[in-house]
Amino acid sequence: MSDQMVLVTGASGYIACHVVKLLQETGYRVRGTVRSLKNSSRVDPLKMLVSNPKHPLELTEADLESDDGWDKAMEGVYAVMHTASPFPSLEESPSEQSLVIPAVEGTKRVLSAAAKAGVKKVVVTSSCSAVVDPASTDPSKKFDEEDWTDTSNPAITSYPKSKTLAERAAWDLLESLPEGQRFELSTVNPVLVMGPPLVESNKSATSVIILRDAIMAKVPGSPKLCFRICDVRDVALAHLKCLTNPEAVGKRHIISSGGIWMKDMNQILADEFKPQNYKVSTRELPNFVIWFASIFNERIRKQVYPRLGVMFDIDNSRMKNVLGIEPTPQKDSILDMAYAMIELGIVAKTSAYKGPKFSEWHSSGSTKSV
C-alpha cells in the first residue's frame, strides 16, 4: 500500500515539508508540486528531507493560478495532499482578492484534475480559521468540526475567509462530481501551527515570524493574546492518518494542543534562551498600548486588538479519539521550533549559543512516528 504515489501540492511549504518527509519515511512514493523547478533555494532542500528514501522525491511544476501542469502532476497518483494555499506573512497586508480567489480557484483546479485522473483519496489542508468564528462573543461556546466561520460577517479578514471558502469549495466540488469520478475527501483544520521548520525558505510562516520576533526582542513585550497552537509534526501525522483511517473519510479534523498566552510562550523562550544571550521580553503590554498602536496600524486594529484577552474553547477530541494523535507538549513545540530556526539561520546564533539538547534534532524531532 505504501508504494502508491501521493501528490503533495505546494511541497516547499512549512506544513508540506513535514508531510513530504513523513510520507517518504513511511515508504510512499511522493511527488511534489513547486511553482518553479529553477528555484534551487526551494527545490534543493526538499530533496534532502530524507536521507536514502525508499523512493526519491519527484518534483513537478504547477501553480494554483494556472491549469498548466496539473494533468501531468496527477499521472499515476493514488492520493493527493492539497497543502498549497496563498498565505500572508505578518509583514504583509494582502488584499482579499490576492488570497480568496487563488485559494478557491486553486482548490477547484487541483481537485478537478484529481477527479479527472481517477485519484482515490484527497486530503485538504484547511484551517481552524474555517471553524472558529472570531465574531462569536459566547464564552461558553466550544467550537468543533460542525462549526463554520461566517464569511458574510464584515469583521472577517481575508485569510480566514479564503480558507473557509476554499474548504467549502472542496466539499461542494465533490458533491457535484458524477459517481464514477468521486474520491474520498478529508480535511485537516489546524490552529496556529508551531514546531520546527525543516527548510530556511519557511521563514515567512506566521508562527516563525512570531517566534523570531520574540527571540530577537523586536517588540518590547507581548499583547494579552491567547494562541491556540498545534505542532507541525502532529499536522503532518494527521494528513497521513486521514489517508489511512477509514473513519476519517468525509470528515473535518481540528488539530490543537490547546491555548497558551503569549506572555507564557515568551517565558518558555526566556527560560531557555536568556542564558544563551537572547534578549526575550517577558513583559505583557497593557491593552491601551495596543489600542494606541491600532490607530496607526490596520493589521493591529483588525487582527490583534479585537482578540485581546479572548480565549476560544476548541474541541480536539476527534484528533485524539479518531486519528489517534496525542498532542505534542506545547513546550516541546516552542523550543524545537526555536532551535530549528537558529540552526537554519532564520535567527542568528549568539556567542553563548549552545545548540539543541539533541544534536539530531532534524531527524529525531522532525516527524512523529505512525
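Biologist: How many cavities of 30 Å³ or more does the structure hold?

Modeller: The structure, a predicted model, holds one such cavity. A cavity is a set of points on a 1 Å grid over the protein atoms alone where a 1.4 Å probe fits but cannot get out.

Biologist: How much space lies in the largest cavity?

Modeller: About 70 Å³. That volume is the space filled by probe spheres set on the grid points, which are joined across faces, edges and corners.

Biologist: Which residues line the largest cavity?

Modeller: Among them are His 82, Ser 85, Thr 107, Val 124, Lys 163 and Glu 167. Lining residues have an atom within 4 Å of a point. The lining divides into four nonpolar, six polar and two charged residues. Here Ala, Val, Leu, Ile, Met, Phe, Trp, Tyr, Cys and Pro count as nonpolar, Asp, Glu, Lys and Arg as charged, and the others, Gly among them, as polar.

Biologist: Which element gives the largest share of that lining?

Modeller: The helix α5 does, with three residues. Helices (H or I, at least four residues) and strands (E, at least two) are DSSP runs, numbered from the N terminus.

Biologist: What span does α5 reach?

Modeller: From its first C-alpha to its last, α5 reaches 26 Å with 19 residues, close to the 27 Å expected at 1.5 Å a residue. The expected span is 1.5 Å times one less than the number of residues.

Biologist: Why is α5 described as largely enclosed?

Modeller: Because 14 of its 19 residues are buried, α5 is largely enclosed by the rest of the structure. Buried means under 20% relative accessible area, exposed over 50%, and partly exposed in between (1.4 Å probe, protein chains only).

Biologist: What limits apply to the model?

Modeller: Local features need pLDDT of at least 70, side-chain atom pairs count only at pLDDT 80 or more, and totals for chains, interfaces and linings use all residues. Residues are numbered from 1 along each chain as its sequence is written, and side-chain values use heavy atoms, leaving out hydrogens and water.

Methods:
1 Å grid on protein atoms, 1.4 Å probe; cavity = no way out; pocket = protein on both sides within 12 Å on 5 of 7 lines; lining within 4 Å.
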